[in-house]
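Let's take a friendly walk through this structure together. Have the sequence and the 3D view ready, and follow along as we go.

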Amino acid sequence: MAFATISLSGCSSGPAKPAPSPSPTYVVPAETARPGETVITAKPVVDGQMRFRVLGFHDGMPSIFGSHAEWNAKGQYVRVRVLIESTDRTNQVFDAKQQLLVASDGRTFSVDDAAQTTKRQPGRLPVGSFVRMEFDLWYDVPKDVKITKIRFFADPPLGAIGPSKGVDVPLR
């Protein structure tokens, strides 16, 4: 009786392939929150081709100071510090007037033009491909309103049918 010897070269127990290394990340230094500001730790949200992240929130301000003016609120000023980022290969348009504060009773409020101008913050601007920007949104809301969230809107992506319904981020 003859036996054959078979060599299996594909079943060796040689060294394992190393696990892929994680992608490198940018190191962005932390910044101290401004007096009275609550740091918001909600995860970023995406609407259309824009990513939004809330960094800080401050309400109950009776007035604001700019580089050349003091302006009293009709009710109370609310400031929301945001970081936005285009997530597409094309430019996106950011429109501050579309970003709404939402109160506990469901009412919504648009950015206040006078406060936005006094604090020299952007209104409508192009955001380049994969560009990130950080700035404030200023609102003037009634004194008795309790703001609970912000609703972000971006340009609808190519091929979308109808406008965005927005995406909410809790502030309290």
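Arginine 107 is partly exposed, because its relative accessibility is 37%. Its side chain meets that of aspartate 105 in a salt bridge, with N and O 2.9 Å apart. Please keep in mind that this is a predicted model.

Side chains of opposite charge can pair when their charged atoms come close. The count of salt bridges here comes to twelve. One of them joins aspartate 95 and arginine 124 at 3.6 Å, N to O. That pair links distant parts of the chain, 29 residues apart: aspartate 95 lies in strand β5 and arginine 124 in strand β8. Aspartate 95 is buried at 15% relative accessible area, whereas arginine 124 is exposed at 60%.

Next, find lysine 97, whose salt bridge with aspartate 113 has its closest N and O atoms 3.5 Å apart. Here the loop between β5 and β6 is linked to helix α1, across 16 residues. Both partners are partly exposed, lysine 97 at 39% and aspartate 113 at 47%. Elsewhere, Arg34, Glu37, Arg79, Arg81, Glu134 and Asp136 form a network of salt bridges.

Now turn to the open sheet of four strands, ordered β7-β6-β10-β11 with antiparallel pairing. β7 and β11 each have a single partner strand, so one side of each has no neighbour in the sheet. Between β6 and β10 there are four bridges, and valine 102 stands opposite lysine 149 in β10.

Strand β10 also holds phenylalanine 152, which is buried at 0% relative accessibility. Among the residues phenylalanine 152 touches are Val45, Phe52, Leu137 and Gln99. Glutamine 99 is 53 residues away in sequence, yet the C-alpha atoms of glutamine 99 and phenylalanine 152 are 5.0 Å apart.

Key: Residues numbered from 1 in each chain as written. Predicted model: local features only at pLDDT ≥ 70, side-chain atom pairs only at ≥ 80, totals over all residues. Heavy atoms only, no water. Helix = DSSP H or I, 4+ residues; strand = E, 2+ residues; numbered from the N terminus. Buried < 20%, exposed > 50% of the residue type's maximum accessible area, 1.4 Å probe, protein only. Contact = heavy atoms within 4.5 Å. Pairing = 2+ DSSP bridges. Salt bridge = Lys/Arg side-chain N within 4 Å of Asp/Glu carboxyl O. Lists of a residue's contacts leave out its neighbours within four places in sequence.
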